[in-house]
Amino acid sequence: MNMPFYVSPEQVMKDRADYARKGIARGRSLVALEYDNGIVIVAENPSRTLYKVSEIYDRIAFAGVGKYNEFQMLKVAGVRLADMKGFQYSREDVDAKGLANAYAQTLGQVFTHEMKPYEVEILVAQVGTPEHPNNELFHILYDGTMMDEHRFSVLGGQAEAIRAILERDYEPDLDLGAAITLGTKALQAEDGDPIEASALEVGALERSRPRRAFRRIKQPELETLLG
Amino acid sequence: MNDAPLPFFGAGHDPGPSFLELLRAVAPHALPGAGLERLSSPEMPFEVTHGTTVLAVRYEGGVVMAGDRRATAGHAIASRRIEKVFPADEHSGVAIAGAAGPAVEMVKLFQVQLEHYEKVEGEQLSLEGKANQLSQFVRANLPAAMQGFVVIPLFAGYDHRRNRGRVYSYDATGGRYEELDFQTNGSGSVHARNWIKTGWREGLPVEEAIDLSLRALFAAADEDTGTGGPDLVRRIFPMVAIIDADGFRELPADDIAARSEALLTGPERGGYPA
């Protein structure tokens, strides 16, 4: 009978974390910024159909980096959870915190109990209403670590370089165009190459929109906003 | 509070983009009309609340949908201000006649279904796809319909692929029929339909289509006890919505009030002195 080699739990977790981080670093990063009318999410994504940024519910959006099929599955599960809750209780009872907790639970469970952790980082963003204009940004890592962030959020393998730019140049109450421009500039810090408008995916949660706050910002509007 | 866990499904059990299938899989008790089909009473021990006359009229730029505001339970008036015309999504609407409770639940489920599909798939269903979805919902209600809880919707929307308004009607079995020009439904529907028939023409301008709809509802209220007319005492007027290339929008109550008051001096008054 073969005896399994002893591997310390620290080593197991470290190996899994390294594995997940490597997978995430293979993809491109994305940023979310609070601006004067809500939250805008800017991602580098040459695909016009495979989205990284999506609508979950009336005031809630989802964004993911890393392995597409994994964060896509998480997105669909989030839409299902939110729609079920809204249908069985009330639309007002669906909130980003409950959703973010559910994601953190799932990612944490998979990280410790499954063979392979998810190679993703995700963001659950919620915009308030004109009467209660509070924004929420929940940034959740591959192991279920959950962070409640303000002003901006950076997801991806090269987050440090991008965050440095945002720390330096971010101002509250930017308008939509300025926020997208800053987000794009920050993303360019990933490898220094300029990013064309055609390679950007942008979604915004607009506080002033009545029920469904999420809107995709596409060409040619994006081109105009980037000046 | 413990948050509900994320729903995951194994291969072969995934409900796909259908909210109805999701509900069947995880919360069948929350389905509209769940349990109604198991009733075995030979006759209804209480009166079911019914919504009555609704209509959809195609005009030059889209569709007008309208409904009166009365709900009845047997010979009693159950509500004077019920709403029977709802947005299904941005570019389509649904109007209901029949058992009010299951009907409102069906509309709510239909609204969630269209939005759910759009969010899961990343794009909207075609108008025909939406009409077919509603057909499934009506069919799912058939066992309850056999117990007396019949729900018959009208569905209308603006088809962006064909650049025109389209109207669909249903029967209790989920049968779906596309109407060329207009359709009415509910207890006063015959009177409303005949009225529209005499005034409808191809290329009707929106203003005329709205007035024709209001007059048709008045005609129904005039002849059918189940249909409510304009209530000048309480200022309750029919509900009217327009669906065109810009989407679904309900007309403001003031506008409908003004249009309804014009009936006071129209042929509707007949030979009665002012």
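Tutor: The buried residues of helix H6 of chain B are covered by, among others, strand E2 (54–59), strand E3 (62–67), helix H5 (189–199), strand E12 (239–244) and helix H7 (253–262) of chain B. This is a predicted model, in which local features need pLDDT of at least 70 and side-chain atom pairs count only at pLDDT 80 or more, while totals for chains, interfaces and linings use all residues. Residues are numbered from 1 along each chain as its sequence is written, and chains are lettered from A and ligands numbered from 1 in the order in which they are written.

Some terms are needed here. Helices (H or I, at least four residues) and strands (E, at least two) are DSSP runs numbered from the N terminus. A residue is buried if 20 or more other C-beta atoms lie within 10 Å of its own, exposed if 12 or fewer do, and partly exposed in between, with C-beta atoms placed from the backbone. Contact means that the C-beta atoms of two residues, placed from the backbone, lie within 7 Å.

The buried residues of H6(B) include B:Ala209, B:Ile210, B:Leu212, B:Leu217 and B:Phe218. B:Ser213 and B:Arg215 are also buried in H6(B). The helix covers residues 206–223, and because its 18 residues should span 26 Å at 1.5 Å a residue, the 26 Å between its end C-alpha atoms agrees. The expected span is 1.5 Å times one less than the number of residues.

B:Arg235 has a positive phi of about 55° although it is not a glycine. Most residues other than glycine have a negative phi. B:Arg235 counts as exposed because it has 11 C-beta neighbours inside 10 Å. B:Asn163, in the loop between strand E8 (151–159) and strand E9 (164–170) of chain B, likewise has a positive phi of about 55° without being a glycine. B:Asn163 is exposed because 10 C-beta neighbours lie inside 10 Å.

E2(B), one of the elements that cover H6(B), pairs with E11(B) in the antiparallel sense over four bridges. Two strands pair if DSSP finds at least two bridges between them. One of these bridges has B:Leu55 and B:Thr184 as partners. Strand E11 of chain B (residues 182–185) has B:Phe182 and B:Thr184 pointing one way and B:Gln183 and B:Asn185 the other, and all are buried.

Now for the other chain. Chain A has six helices and 10 strands, and 45% of its 227 residues are buried. Because a compact globule of 227 residues would have a radius of gyration near 17 Å, the 18 Å of chain A agrees. The radius is taken over C-alpha atoms, and the globule rule is 2.2 Å times the number of residues to the power 0.38.

One open sheet of chain A has five strands in the order E3-E4-E5-E6-E7, paired antiparallel. Its edge strands, E3 and strand E7 (146–149), each pair on one side only. The twist averages 25° from one strand to the next. Angles run from 0 to 180 degrees between N-to-C directions, with axes as lines fitted to C-alpha atoms, for helices over the stretch in contact. Within this sheet, strand E5 (residues 120–126) and strand E6 (residues 136–140) of chain A run antiparallel and are joined by five bridges. Helix H2 of chain A lies across E3, strand E4 (60–66) and E5 of chain A, at about 160° to E4(A).

The two chains also meet: 20 residues from chain A and 16 residues from chain B take part in the contact. On the side of chain A that touches chain B, strand E3 (53–57), helix H2 (68–88) and helix H3 (96–113) of chain A each supply at least two residues. H2(A) gives the most to that side, with 11 residues. By class, the side of chain A that touches chain B has nine nonpolar, seven polar and four charged residues. Here Ala, Val, Leu, Ile, Met, Phe, Trp, Tyr, Cys and Pro count as nonpolar, Asp, Glu, Lys and Arg as charged, and the others, Gly among them, as polar.
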